[in-house]
Amino acid sequence: MKPSCWQAPFFSLAALVLFLASASAHPIPDIPVRGHFSGNGTMRVTVEVDPRCLTSAPDIEPSTVPAKLAEMDAEKKAALIRQAAELVRRCVEFTLEPVGQVQPDFAFSFTGQNEGKLAGADDVVVITGEWQTTLAAGLTGWRIRSTPESKLSVVFQNIIRGETHPRLAVLFPGERSFTLDLTTLDAPKPSGPTPGSVSPSGGAGDWFGTFSSYLRQGFIHVVPEGLDHILFVLGVFLLSRKWRPLLAQVTTFTLAHSVTLVLATLGYVRVPGHIVEPVIAATIAAVALENIFRPRYTPWRLVIVFFFGLIHGLGFASALGDLDLPQAALVAGLVGFNVGVEGGQLAVIAAAFLATCWVRDPAHYRRWVVIPGSIAIAAMGLWWTITRVLG
């Protein structure tokens, strides 16, 4: 039995309400864990916690900047450090082979991302834990695990004699990283490396390992964490379900956000988040409003989508910008992340098509799907624009 016309707005708006009920304004930060090895028998481990991760709603909590940190009293800062230490203890397991699981005694302090200085007003404040130890004789490998109880992704990265290792792992809850071979950091040890471990100098599987990690990260950056990007893609979809206009718009958006993603990740373009995020929200509202007031597809739409895609690329770059990757790993991460983002966008379009394909009459489709859907998307975009400007 086909749904009647009056049911169409119910189904379309119900789906959007479900989206809006779990609205995510910002991607949830990862927890970067970095192993530093100088080759003289010492090991330094750093872990980074964004204060947003300590809140009940990290997806809508704004980043902490130096001015906000300066307003905190000593008691508040100490409480944040205690919460960060507990979060790390709960979310990350550290293992040195063949000893087994160890519990680093981290010393925490407020820094910029990747141990940077807080020099600019827009720099993101993080809580960095540092632990230094001596590699005892007989240690063969180093790895971490993101615990099943964790709600956050954990990034595993290593720096060998000042050079970032080409393999990187993004770990979702319950996943274990690769094992870094410790036996050849100085002179090779008689015990030999842990079977299956990764050489400190890199190996054939490094490119694919980093690519696959960021492939998943890119997909999740859109579905389910990137509701702002989901709503933009839905706004593009709602103008026309014909494959030529849809393909043209999606391809244009992809090319545009790829350009700024690469430029921002490489450091050639830097736009503060408090500027990028309100503009991204405004692009969502603009595309949805155009669906209502300019319902016909024209080449001008591609110009708009390209310009908006450039802005969205700056938003995507936050996932890669704070990682100091060597060139080979950076290429793998960029390619993997971009492919993952495209996969997420195609998944959104496929779901939207399946949800609306039964509405065949163009007049009914516009009346019961395009108009109410675009109104809801525009309202959300405008709301985000206002709250991001004021927040």
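**Strands and helix packing in a predicted model**

In the hairpin formed by β1 and β2, four residues lie between the strands, and Gly39 among the residues of this hairpin takes a positive phi near 90°. Helices (H or I, at least four residues) and strands (E, at least two) are DSSP runs, numbered from the N terminus. The model is predicted, so local features need pLDDT of at least 70 and side-chain atom pairs count only at pLDDT 80 or more, while totals for chains, interfaces and linings use all residues. Residues are numbered from 1 along each chain as its sequence is written, and side-chain values use heavy atoms, with hydrogens and water left out.

A friendly place to begin is strand β1. Seven of the seven residues of β1 (residues 31-37) are buried, so the strand is largely enclosed by the rest of the structure; buried means under 20% relative accessible area, exposed over 50%, and partly exposed in between (1.4 Å probe, protein chains only). In a regular strand the side chains alternate between the two faces of the sheet. Here Ile31, Val33, Gly35 and Phe37 point one way, and Pro32, Arg34 and His36 point the other way. Two strands pair if DSSP finds at least two bridges between them. Strand β1 runs parallel to β8 (residues 154-160), joined by seven bridges, with Ile31 opposite Val154. With β2 (residues 42-49), β1 runs antiparallel through five bridges, and Phe37 stands opposite Met43.

Three bridges link β3 (residues 92-97) to β4, and Phe94 has Val102 as its bridge partner in β4.

Turning to the helices, the axes of α5 (residues 227-239) and α8 (residues 299-316) come within 12 Å and cross at roughly 170°. Axes are lines fitted to C-alpha atoms, for helices over the stretch in contact (heavy atoms within 4.5 Å), and angles run from 0 to 180 degrees between N-to-C directions. Helices α5 and α8 are therefore roughly antiparallel to each other; angles under 35 degrees count as roughly parallel, over 145 as roughly antiparallel, 65 to 115 as roughly perpendicular and the rest as oblique. Among the contact residues are Phe232 of α5 and Phe308 of α8. Helix α6 (residues 243-265) also packs on α8, at an angle of about 35° with the axes 7 Å apart.
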